[in-house]
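Please look at the sequence and the model first, and then read the points below.

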Amino acid sequence: MNNWFKKHEKLITILVIAGFLAGIVWWSIATYLSSKRTSSVVQDSTLNKENSVLVITKDGVELEYPYWIMKDEVNELLSVV
C-alpha cells in the first residue's frame, strides 16, 4: 500500500490542490452572486415596513432595513423548500 502512495504521490497532490482551488473559486463565485442578488433586491423593491413580514427590534427600538425580513425573501425561501 505504501508503494502505491509513493507511485501516485504527484497525482494525489495535484488532485488535492485542484480540489482546494476549485472550492475557493466556487466559494468566490457564490459570494459574488449572492451579494449581487442582495443589491438588486435593494434596488428593485421599495423597502418600507409595510412590505416587510418582520422588523427586528433591539431594546424596543426598531432597526433599519438590513434587519427587516421582507415578503419576497420569505416567498423565495418557501419556493426552494
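At 77% relative accessibility, D59 counts as exposed; the classes are buried for under 20% relative accessible area, exposed for over 50%, and partly exposed in between (1.4 Å probe, protein chains only). D59 is found in the loop between β2 and β3 (61-62), and its phi is near 55°, a positive value in a residue other than glycine. Most residues other than glycine have a negative phi. This is a predicted model, in which local features need pLDDT of at least 70 and side-chain atom pairs count only at pLDDT 80 or more, while totals for chains, interfaces and linings use all residues. Residues are numbered from 1 along each chain as its sequence is written, and side-chain values use heavy atoms, with hydrogens and water left out.

**Confidence**

- The protein averages a pLDDT of 83, and 86% of the residues score at least 70; pLDDT is the predictor's confidence in each residue, from 0 to 100.
- Confidence is highest in β2, at 89, and lowest in helix α3 (residues 71-80), at a mean of 81.
- Where pLDDT is low, the predicted coordinates should not be read in detail.

**Overall architecture**

- The protein has three helices and four strands; helices (H or I, at least four residues) and strands (E, at least two) are DSSP runs, numbered from the N terminus.
- The order of these elements, from the N terminus on, is α-α-β-β-β-β-α.
- Of the 81 residues in the protein, 5% are buried.
- Among contacts with a separation of 6 or more, 11% are accounted for by residues 24 or more positions apart; contact means heavy atoms within 4.5 Å.

- S52 is found in strand β1 (residues 52-55) and counts as buried, at 11% relative accessibility.
- Not counting residues up to four places away in sequence, S52 touches W68, I69, M70 and K71.
- T57 belongs to strand β2 (residues 57-58) and is partly exposed, at 43% relative accessibility.
- With residues up to four places away in sequence again left out, T57 touches E62 and L63.
- The C-alpha atoms of T57 and Y67 are separated by 8.3 Å, and these residues are 10 residues apart along the chain.

**Surface**

- The accessible surface of the protein comes to about 7200 Å², of which carbon and sulfur atoms hold 66%; accessible areas come from the Shrake-Rupley method with a 1.4 Å probe, and for residues only the protein chains shown count as cover.
- V53, L54, I56, Y67 and I69 make a nonpolar surface patch of about 430 Å².
- Patches are made of residues with over 30% relative accessible area and no salt bridge; like charges are joined within 9 Å, and nonpolar side chains (Val, Leu, Ile, Met, Phe, Trp, Tyr) within 5 Å.
- A salt bridge is a side-chain nitrogen of Lys or Arg within 4 Å of a carboxyl oxygen of Asp or Glu.
- I69 lies in strand β4 (residues 68-70) and is partly exposed, with a relative accessible area of 32%.

**Aromatic pair**

- The structure holds one aromatic pair.
- W4 and F5 form this edge-to-face pair, at 5.2 Å centre to centre and with 80° between the planes.
- Rings of Phe, Tyr and Trp (its six-membered ring) pair if their centres lie within 6.5 Å; planes under 30 degrees apart count as stacked, over 60 as edge-to-face and the rest as tilted.
- W4 is partly exposed at 45% relative accessibility, and F5 is partly exposed with a relative accessible area of 42%.
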